[in-house]
Structures are given as C-alpha cells and as structure tokens.
Amino acid sequence: SDSEGREECLQNGTSEVQMEPRIALEVPSLTVHPRTVHPVCTADNKMENGDCENGANGHDGSARSVRHVRSDTIDSNISAISMPSPRMPSSPRREFSYGFGSPGTEQDMEYDSVPLRDADSLAQSGLRAAGPRISAAVSYIKLRLMQEASLLRQQWLMWVFCITIDFYGASMVFRNLAFYRYRSGPRLTQDLGFDFLPEIKGYYTDSPMAVLQFVLLGACILSLVPRQTPTPYAVNIVRRWGMMIAMGNTLRFLTYISTTLPGAADHCLPSNPNIEIDQPKTVYDIFFKLVVDGSGTGESGTYNCGDLTFSGHQLMTMTYAFCCLRYVPQAYSMSLKVEQGFAILVWALVVIQAFTIVMARNHYTMDVVISCYLTPLLWNWYINHFDPDEMKPTI
C-alpha cells in the first residue's frame with residue numbers, strides 16, 4: 001500500500017513524497033482518471049516489491065511526466081468546447097494516464113490535447129484526434145454524399161422525365177420528326193440579324209454558353225467541399241437545369257413541328273445534295289436513328305434540319321444563366337460586390353451568345369428573340385409556382 005511504501009522509504013533514508021489522492025476530472029461525457037502515483041526511489045534504495053528501481057525506470061530519480069493522451073472514442077454529444085492540456089508541477093514529476101493511452105514527456109503535452117469542438121465529427125469518422133481537420137472533412141464529405149443520394153431518391157421521377165426528354169426526345173425523336181417533315185428551300189432574306197451582323201463559323205460561337213456551363217459545374221463540385229456556410233446541393237442544381245431544358249425542349253417541339261421553315265444553316269439549303277439521302281424514312285429511323293452532328297469533322301452529312309423556332313442554344317444559355325445566378329454566389333461564397341459583378345458578367349455572356357447564334361447562321365433572329373423572352377417566363381413559372389421549394393435531404 002501507499003502508507004507501507006512511505007514507511008519503508010523513511011526507514012531506508014529516503015525523503016517522503018507528497019501523495020495526492022486519486023482524482024477524476026470531469027467534462028461533459030468525458031472522465032479523466034490519473035494512474036496511481038508511486039513514491040520516488042533513489043538509486044541507493046530499492047523497494048522490496050520491485051515496482052521501482054534504478055531511478056524510476058530510467059528517468060533519473062523522477063517518475064514519468066503527465067501526458068494528455070487522445071481518446072479512441074468520444075461521445076458525439078459533447079458540446080463545442082476545447083479542453084487544454086493539464087500542467088502539473090515540475091517537481092516531483094508524476095505519471096498520469098487518462099485511461100486510453102500511454103504517458104509521454106512534457107513536450108508532448110502541447111500537441112496532445114483533444115479538440116472537443118470536433119468530437120462529433122471525430123466520433124462519426126472513427127479517426128483519432130491527431131488529425132481533427134482531416135477527420136471533420138472526411139465526415140462532411142461522407143455525410144454530404146449520403147444527403148445527395150437521399151435527394152436523388154426523392155427526385156427519381158423528375159430525373160427519369162429529364163433524361164427521357166433531354167436525351168431521347170430532344171436529341172433523337174423530336175429532331176428526326178422535324179427532319180422527316182423538312183423540305184429544303186432558299187434561306188429567308190428579310191432578317192434584321194442577317195442584314196447587320198457578319199457571318200462567322202467555328203466552335204467558338206458557343207463559347208459563352210460553355211463558360212456558364214463550367215461555372216455551374218464548378219458549383220456542383222464545390223458542394224462537396226467542407227465549409228462553415230451553407231451550400232446548395234448538386235442534385236438540386238442539376239435537377240433545376242434538367243427540368244428547365246426538358247420543358248423548354250417540349251415547347252420547342254410543339255412550335256417547330258407546327259410550321260416548318262426553310263433552314264438557316266448551310267447544310268439545310270438546297271445546295272446540299274445529302275438532304276434527301278439523310279432524312280429519316282421509316283418509323284424505326286424516327287425513333288431509333290441517332291445522327292451525331294459532324295460539323296467541323298470534315299464528314300459529309302446533313303445532321304438535322306427543321307428544328308428552328310425557337311433557339312435551343314439560347315434556351316440552354318439562359319437556363320445556365322438563371323441557375324448560375326441562383327446557386328453560384330452561395331456555392332462560391334461570393335461577397336455582395338463580387339455577386340453584383342458576376343451578375344453583370346453572366347448577362348453579358350447571354351447577350352454575346354445571342355449574337356453569335358445569329359452570326360453563325362444556325363437560327364433566324366426570330367428564333368433567338370422568342371427564346372430570349374420565353375425562357376425567363378418559363379423560369380419564373382417553374383421557380384415561383386411549379387416547384388418553388390428547394391428539396392431537403394431526409395438524412
């Protein structure tokens with residue numbers, strides 16, 4: 001016992017060490033228990049029970065110092081506080097253990113305190129407190145992916161509608177039906193855009209739309225980046241865009257299938273000998289023939305004609321713009337001034353895209369104008385009346 005050890009040390013000429021009772025330091029959901037304190041023995045004296053000899057296990061006559069050792073598991077209900085490392089008197093040096101690790105030197109104390117403010121994240125990730133930031137980030141990403149999956153399960157019917165209309169309907173069936181009914185003729189000449197804007201060719205004519213597309217894609221990726229402020233869910237962003245394009249393409253189909261106009265693009269003019277060859281001729285061709293545009297590849301072909309009114313490119317560009325204005329400032333953590341400048345840039349790209357569509361002679365000016373006033377009306381109805389609330393995950 002401690003009293004017997006003290007008496008034996010006094011009989012052998014050793015000085016008595018002040019004994020402290022066993023203590024328990026308690027914080028919410030965390031109890032700290034020091035190990036039993038042993039008397040110090042010198043090199044000239046040994047305890048009969050052999051617990052200490054030759055200078056307390058190699059520490060030159062002093063017991064090992066205090067160390068605040070990390071916990072393997074911490075209650076996730078601990079509140080957002082942090083516990084400083086305990087500092088004990090330098091003499092005599094005492095040995096403590098909190099019940100979940102081995103003691104170390106005094107220098108270790110500066111780096112071994114448990115950050116309780118991240119305890120809930122640490123408990124979820126199962127990682128030690130040595131890397132609280134990494135642990136919290138991993139927990140955030142795991143939880144975020146689970147939330148995105150929860151949203152996807154809630155919205156699966158909308159996603160089926162979007163994929164069916166956007167990829168099967170608009171890219172195949174709608175275009176093939178329009179091309180099936182198309183009859184080539186001379187380009188309409190009474191067009192203001194054609195009168196005042198020069199003709200240009202090349203992939204760069206779609207550059208403004210591509211810029212907005214990549215900015216919105218960045219917002220989806222940033223939704224997985226840990227941060228202190230709320231950020232929109234990627235599934236909600238893509239669903240908004242997909243629903244707008246699906247509804248817009250449905251309206252486009254009902255418009256251009258009603259009245260077929262002579263083509264504005266070069267490959268839809270009578271000078272192209274492949275129009276009649278490439279046109280769909282059977283029901284199978286209409287519903288299952290996918291012709292990928294070969295523009296710029298050097299391949300001959302007609303690709304598609306007859307789907308003019310209204311412009312699908314301008315519909316997509318303005319949908320990207322509305323989604324960017326709704327989600328990007330929060331996703332990129334923009335300040336108010338940056339957000340205002342971003343809005344100006346977005347609308348500048350929309351205007352540039354409208355001009356380049358006409359200059360590329362892919363559409364008549366009428367097609368772009370209709371798209372410019374119809375898309376905002378469709379977005380306003382969709383956001384404020386049809387689906388006004390952002391869906392929340394159930395996790």
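This is a predicted model: local features need pLDDT of at least 70, side-chain atom pairs count only at pLDDT 80 or more; totals for chains, interfaces and linings use all residues.
Residues are numbered from 1 along each chain as its sequence is written, and side-chain values use heavy atoms, with hydrogens and water left out.

**Exercise 1.** Classify the aromatic pair of phenylalanine 194 and tyrosine 364, and state which parts of the chain the pair ties together.

Solution. Rings of Phe, Tyr and Trp (its six-membered ring) pair if their centres lie within 6.5 Å, and planes under 30 degrees apart count as stacked, over 60 as edge-to-face and the rest as tilted. For phenylalanine 194 and tyrosine 364, the centres are 5.7 Å apart and the planes are at 35°, so the pair is tilted. Phenylalanine 194 lies in helix 6 (residues 192-196) and tyrosine 364 in the loop between helix 12 (336-359) and helix 13 (365-386), so the pair ties together parts 170 residues apart in sequence; helices here are DSSP runs of H or I, at least four residues long, numbered from the N terminus.

**Exercise 2.** Classify the pair of phenylalanine 253 and tyrosine 256, and decide whether these residues are buried or exposed.

Solution. The centres of phenylalanine 253 and tyrosine 256 are 5.9 Å apart with 85° between the planes, which makes the pair edge-to-face. Both residues belong to helix 8 (residues 234-256), where, being three residues apart, they are separated by about one helical turn. Phenylalanine 253 and tyrosine 256 are both buried, meaning under 20% relative accessible area with a 1.4 Å probe and protein chains only, whereas exposed means over 50%.

How values were computed: Helices (H or I, at least four residues) and strands (E, at least two) are DSSP runs, numbered from the N terminus.
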